[in-house]
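Please read this briefing beside the sequence and the model. It moves from individual side chains to the sheet, and then to the chain as a whole.

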Amino acid sequence: MAHLTQNPADKERFICLYPIYINSKKTLAEGRRIPSGKAVENPSCAEIRDVLAAAGMNVYVENKMHPREWNRDVQFRGRVRVQLKQADGSLCQDKFGSRKDVMFYVAEMIPKLKTRTQKSGGGETSSQQGEGGKKSKKKKK
């Protein structure tokens, strides 16, 4: 019943991308689909959507969970649907010939996002403080 349509431009025929596919924190058994060296640490649906939208792809997000994602957190929720082919069957963009191409591209671009570059800088400093966690909280007030 799922494929009532053969038209690649229909939303039902868009490919699914779960963040878990490109999450370097996951094993292959847990759902990762690309080499961990190329994967991204805990990517979000919003990041995947932003990257693909910026690349000019037809994208939308659904509020779905990957079956192997045990964490029910909002940040791990979501599925991105991407249009790979146009109605006549030709590719929307030549560089995205398969879902793997899309995954590799997204995993390469997410670390370059502005939100990522700022976060990673802030994350390193907080991890160095370690024991002095309580003191730093008081200073901020």
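**Briefing on the predicted model**

Tyrosine 21 counts as buried, because its relative accessibility is 6%, where buried means under 20% relative accessible area, exposed means over 50% and partly exposed lies in between, with a 1.4 Å probe and protein chains only. This is a predicted model, in which local features need pLDDT of at least 70 and side-chain atom pairs count only at pLDDT 80 or more, while totals for chains, interfaces and linings use all residues. Residues are numbered from 1 along each chain as its sequence is written, and side-chain values use heavy atoms, with hydrogens and water left out.

**Rings and charges**

- The count of aromatic pairs comes to three, a pair being two rings of Phe, Tyr or Trp (its six-membered ring) with centres within 6.5 Å, called stacked with planes under 30 degrees apart, edge-to-face over 60 and tilted for the rest.
- One of these pairs joins tyrosine 18 to tyrosine 21 in an edge-to-face arrangement, with 5.6 Å from centre to centre and 75° between the planes.
- Tyrosine 18 also counts as buried, at 10% relative accessibility.
- Over the ring of tyrosine 21 sits the charged end of arginine 33, 3.9 Å from the ring centre; the rule for this asks that NZ of Lys or CZ of Arg be within 6 Å of the ring centre and within 35 degrees of the ring normal.
- The charged end of lysine 38 likewise sits over a ring, that of phenylalanine 104, at 4.7 Å from its centre.

**The sheet**

- Three strands form an open sheet in the order E1-E3-E2, with antiparallel pairing, where two strands pair if DSSP finds at least two bridges between them.
- Strand E1 (15-17) and strand E2 (59-62) stand at the edges with a single partner strand each, so one side of each has no neighbour in the sheet.
- On average, neighbouring strands of this sheet are turned by 30° against each other, direction ignored, the axes being lines fitted to C-alpha atoms (for helices over the stretch in contact), with angles running from 0 to 180 degrees between N-to-C directions.
- E1 pairs with strand E3 (residues 79-82) in the antiparallel sense over three bridges, and cysteine 16 stands opposite arginine 81 in E3.

**Helix H2 and its cover**

- In helix H2 (residues 99-109), the buried residues are Val102, Met103, Tyr105, Val106 and Ala107.
- The cover over these buried residues of H2 includes E1 and helix H1 (45-54).

**Two asparagines**

- Asparagine 42 lies in the loop between E1 and H1, and its phi is near 40°, a positive value in a residue other than glycine.
- Most residues other than glycine have a negative phi.
- Asparagine 42 counts as partly exposed, at 29% relative accessibility.
- Asparagine 7 has its place in the segment before E1 and counts as partly exposed, at 27% relative accessibility.
- Leaving aside neighbours within four places in sequence, asparagine 7 is in contact with Arg13 and Ala87, contact meaning heavy atoms within 4.5 Å.
- Asparagine 7 and glutamine 86 are 79 residues apart in sequence and 8.1 Å apart in space, C-alpha to C-alpha.

**The chain as a whole**

- The chain has four helices and three strands, which are DSSP runs numbered from the N terminus (helices H or I of at least four residues, strands E of at least two), and along the sequence the pattern is β-α-β-β-α-α-α.
- Of the 141 residues in the chain, 36% are buried.
- Among contacts in the chain with a separation of 6 or more, 60% are between residues 24 or more positions apart.
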